[in-house]
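I opened the notebook to look up a few things in this one.

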Amino acid sequence: MNNPQPQQAGHPRRWAILGVLVISLLVVVLDNTVLNVAMRTIADPHAGLGASQGQLEWAINSYTLVFAGLLFTAGILADRLGRRVTLMVGLALFGIASLLSAYAQTPDQLIWARALMGLGAAGVMPATLSIIANVFDPQERGRAIGVWAGAVGLGVAIGPIVGGVLLEHFWWGSVFLINVPVVIAGVILVRVLIPESRDPKPGKIDVVGVLLSILGLSLLTYGVIEGGEAGFGEPRAWATLAGGVLVLALFVLYERRIAHPSLDVRLFANRRFSASTGMIGLVFFAAMGSMFFSAFYLQLVRDLGPLASGALFVPFAVGQMVFAPRSAAMVARFGPKAVSTVGLLLVAAGLAGWLFVGATTPLWIIGALFFVMGVGMANVMPPATEAIMAALPREKAGVGSAVSNTVRQVGGALGVAVLGAVLSSAYRNGMAGTAGALPEAARDAATESISGAYGVAAQAGPAGPALIAQANDSFLTAMHYASIGTTVFALLGALVAVIWLPGRRPADAPPAGIAESLAEEQGVELVKA
């Protein structure tokens with residue numbers, strides 16, 4: 001007797017819905033990578049906003065800190081209010097913020113607009129995965145999440161190229177304005193194609209915890225950036241740093257006492273979990289810091305256009321896209337400890353290579369260093385996720401991976417702030433003698449950042465070439481100091497992996513699926529059939 005075929009449980013428009021979700025995610029990921037190639041133009045006082053190095057750091061970190069601080073809360077709001085409406089609101093906020101960013105008249109306006117973009121992105125990211133979990137049945141869900149994850153890699157790969165093309169032909173605001181028509185189309189498609197869904201038992205919102213975390217991290221970041229610009233002996237720097245540490249300590253104490261924390265700090269009592277998340281934070285601290293100074297090196301010291309400099313970031317993304325799918329098999333064969341240690345050593349090797357980069361280093365070497373870093377990063381995240389899955393009970397896996405995602409964002413933000421401070425301080429010391437003969441306003445601009453020195457040199461007449469040469473030399477020295485910092489943090493991550501990450505999993509232990517890990521990393525619990 002023939003058995004009837006089981007009825008398909010997925011939504012009939014699920015693949016069209018996935019296409020809309022990929023577009024929604026792509027516009028968020030792509031915009032963040034585009035900013036790397038736009039920084040020189042934004043720093044230019046004539047073609048851009050004349051942003052200082054500290055203001056550029058804030059343009060990056062205002063987005064990241066808001067996004068990281070609201071990731072948990074946005075997921076709970078999506079479960080409570082509806083995932084479709086949360087996605088639409090997130091996209092709308094992202095589009096409005098992109099429009100405000102494109103037409104910002106001052107660096108401060110850009111910073112605040114970028115913070116609003118982070119708020120919108122926090123609504124988009126968890127909602128997309130929640131909708132995938134809702135419209136696909138368990139048999140197809142893994143493939144759908146694989147497509148979703150591929151959109152992240154695609155955004156990282158094409159973002160610098162898209163940004164370079166726009167900056168070659170249009171003004172700097174075009175890198176933000178391009179988001180607006182995509183967002184409008186996305187909102188319409190979400191409204192037409194995606195069904196509404198909610199969690200019948202949503203979690204509670206931890207408003208106090210969210211505010212404390214964002215305030216504490218912002219104070220800490222401000223103190224680091226201010227210390228790099230004015231010196232850590234200044235009260236504005238050390239007092240703000242102390243205040244940030246105090247607020248974060250209050251945040252930890254508060255989160256330990258409530259039933260529904262925005263960040264379950266009790267998970268860090270698990271040594272393997274702490275090691276895995278710490279490793280992720282360290283490697284993103286190093287990688288994002290290096291991306292910050294390499295953008296200035298390529299566009300100023302090497303005088304590359306936005307498109308050419310953007311193309312040199314592509315090998316980093318290619319390394320991740322090629323090797324990340326193979327990392328799961330490596331983890332299954334050799335265990336998280338071995339794979340992640342090798343991955344972090346590769347990242348450290350790629351970062352250490354910048355110690356030997358000079359003003360005339362062949363560009364293929366720069367591309368090779370980015371590629372090595374990308375290969376290393378591809379072998380860090382899956383082992384770390386595997387270790388998290390093995391370290392925690394199944395019912396804690398979603399929350400644990402969401403914590404690791406937050407740590408990743410915060411690590412990247414602090415990397416930009418701390419290594420940017422090292423870069424700023426070392427550059428200023430290198431320029432002190434040469435800029436001493438300049439008028440006060442020109443001296444301040446030339447010693448504040450290499451972008452400022454180029455602006456002064458353009459109006460300095462015959463003295464301009466000498467000023468540019470000294471600025472380049474000072475920047476290269478500062479970059480080498482910052483490279484030492486990035487390498488040390490990557491090596492610290494490798495040390496953490498060697499000491500605390502587990503080796504090969506027992507043969508009878510069920511492996512955590514990569515698709516499930518990706519979903520759980522954003523705090524989405526996959527419902528079992």
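Before anything else, the cut-off I need: a residue is called buried when its relative accessible area is under 20%, exposed when over 50%, and partly exposed in between. I also keep in mind that this is a predicted model.

Entry one, Gly173. I looked up where Gly173 sits, and found it in the loop between helix H5 (138–169) and helix H6 (174–177). Is Gly173 buried or exposed? Its relative accessible area is 0%, so I put Gly173 down as buried. I then checked Gly173 against Ala38: they are 135 residues apart in sequence, yet their C-alpha atoms are 9.1 Å apart in space.

Entry two, the whole chain. I counted 19 helices and zero strands. The chain has 529 residues, and 57% of them count as buried. For contacts between residues at least 6 apart in sequence, I noted that 82% join residues at least 24 apart. The accessible surface comes to about 21,700 Å², with 67% of that belonging to carbon and sulfur atoms.

I found a nonpolar patch of about 780 Å², and its members include Val422, Tyr481, Leu492 and Trp500. Which helix gives the patch its largest share? Helix H18 (residues 464–500) does, with eight residues.

Terms used:
Residues are numbered from 1 along each chain as its sequence is written. This is a predicted model: local features need pLDDT of at least 70, side-chain atom pairs count only at pLDDT 80 or more; totals for chains, interfaces and linings use all residues. Side-chain values use heavy atoms; hydrogens and water are left out. Helices (H or I, at least four residues) and strands (E, at least two) are DSSP runs, numbered from the N terminus. Buried means under 20% relative accessible area, exposed over 50%, partly exposed in between (1.4 Å probe, protein chains only). Contact means heavy atoms within 4.5 Å. Accessible areas come from the Shrake-Rupley method with a 1.4 Å probe; for residues, only the protein chains shown count as cover. Patches are made of residues with over 30% relative accessible area and no salt bridge: like charges are joined within 9 Å, nonpolar side chains (Val, Leu, Ile, Met, Phe, Trp, Tyr) within 5 Å. A salt bridge is a side-chain nitrogen of Lys or Arg within 4 Å of a carboxyl oxygen of Asp or Glu.
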